Amino acid sequence: MSCLSREESQLLDRIKKGEKQAWEEFVDLYARLIYYVIRRTLEKRGRKEHLREVDDIFQAFFIHLAEDNARRLTSFSGNCSLASWIRILAINFTLDLLKKKSGTHLEVEFKLTAINPTKSPFTPLEALEEREKLEKLEQAVSNLNKDEQEFLQLYLSGFSPSQLAKIYHTNPNNIYTRYARLKEKLKNLLKSM
Amino acid sequence: MELEEKLKVIFSRWKSQPGPCPDFETLAGFLEKKLSPKLEAEVRRHLCSCSSCQELVKLYLESEDIFLEGVSRRIINRVKTLFKPNWFQRVLSGVREWFSNISWTGEVLSFQPVRSSFSSNQEKVFSHQERIYPYQIRTEVVHLENELFQIWVEAYNPQLCQLSSGLRVNLKKGEKELESLVLEQGRAVFEPVPKGNYLLEFWENRDFLGGIEILIKERENERAR
């Protein structure tokens, strides 16, 4: 079922037919949202000092949307709200542009090259025990079901509990509780091994 | 090691190459709870292993408290003039519409590669953590505007729960020592360097603790959008 309202759907149809007035209405409707999202993305990416870039990126984004008879815009099929889709597009566009501005595409590899063995934290026996503990924990984690493993992975990948709550369509308290329960479950699994 | 640290190690071992990213409509539909349970689970599974989508979702969620602000009328008027449809495209859009009307319109959401696998912040700052006993060493390589890179080092002593001063860090390129710094308040920042292969050596008094090799290079096989 389409998430587009009748007005939005008609607006996109009119743009598709090449009606300039419809494009202007679209700009009036979404300009402020797009501007805000671009500015927020720059702020979050630590580019506060580059806020004058907002105007440039804003215009570049509309050029991107208007290209080829607004093909990108009119390709929207209504599987989410138009505003959310535009927000994601604007964030991704800003990130892409920042990447291009940063020049060549680079990567950095880090490698631990040497450790003084006399400075090792563990004796060989302790190191073995530590490895065994990790293996046991790994086995316990593999005994969790797929949903639980995914939850733990997302929890540990830097999402805040309130963000996770939105990903799981629940409230943050449930996220805290679920994490605490999973830790408890892991402890019990470890005890039973 | 704390439980969370151990779990991170385990999941990093398990981490598989993420499949193609969901398209933007699917991702937005996921955040709005508009997907079928099956597709929702598929997107969540993808999110676990794809740092690029994780970043997009985080930024989306961080821009939720929307505060709409005024945009200069001059810019609005300018972007209003950007749409220049031509007759050929109008006819083409009519033909496209006709074809789209006769095609099957079941569940059309699909997973397609829509963006590169690397995100902009990863382009700008590259960071790494390593345990060189007894310190937790955090190394950052910051890409400056002029094709130079600044290497930052931070040493934290988890036993004392504090940043550690007094540690000496040598930055070497091959056999040549470029700079030797003593950490102050746990941190040191080296002079900018160009791309290349570098070695950081960590010394405490006269004891060599360990080394971290840093290779700054052009990425191969950039994933096309």
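Modeller: One term to begin with: two strands pair if DSSP finds at least two bridges between them. And keep in mind that this is a predicted model.

Colleague: OK. How many bridges join strand 1 of chain B to strand 2 of chain B?
Modeller: There are 8, and the two strands run antiparallel. Strand 1 covers residues 125-132. They form a hairpin, with 2 residues between them.

Colleague: Which residue stands opposite Ser127(B)?
Modeller: Glu140(B), in strand 2 of chain B.

Colleague: And what about strand 3 of chain B?
Modeller: Strand 3, residues 149-157, pairs with strand 2 in the antiparallel sense, over 8 bridges. Within strand 3, Ile151(B) is the bridge partner of Val141(B).

Colleague: Which residues of strand 2 of chain B are on the covered face?
Modeller: Tyr135(B), Ile137(B), Thr139(B), Val141(B) and His143(B). The uncovered face has Gln136(B), Arg138(B), Glu140(B) and Val142(B).

Colleague: Switching to chain A. What's in it?
Modeller: It has 8 helices and 1 strand. Along the sequence the pattern reads α-α-α-α-β-α-α-α-α. Of its 193 residues, 30% are buried.

Colleague: How many residues are in the largest nonpolar core?
Modeller: 61. Among those touching the most other members are Ile38(A), Phe61(A) and Leu27(B). Helix 4 of chain A, residues 82-101, gives the largest share, 11 residues.

Colleague: What does Ile38(A) touch?
Modeller: Leaving out residues up to four places away in sequence, Ile38(A) touches Val54(A), Ile57(A), Phe58(A), Phe61(A), Ala90(A) and Thr94(A). Apart from this core lies another, of 21 residues, including Ile132(B) and Leu209(B).

How values were computed
Residues numbered from 1 in each chain as written. Chains lettered and ligands numbered in written order. Predicted model: local features only at pLDDT ≥ 70, side-chain atom pairs only at ≥ 80, totals over all residues. Core = buried A, V, L, I, M, F, W, Y, C linked by C-beta atoms within 7 Å. Buried ≥ 20, exposed ≤ 12 C-beta atoms within 10 Å, placed from the backbone. Helix = DSSP H or I, 4+ residues; strand = E, 2+ residues; numbered from the N terminus. Contact = placed C-beta atoms within 7 Å.
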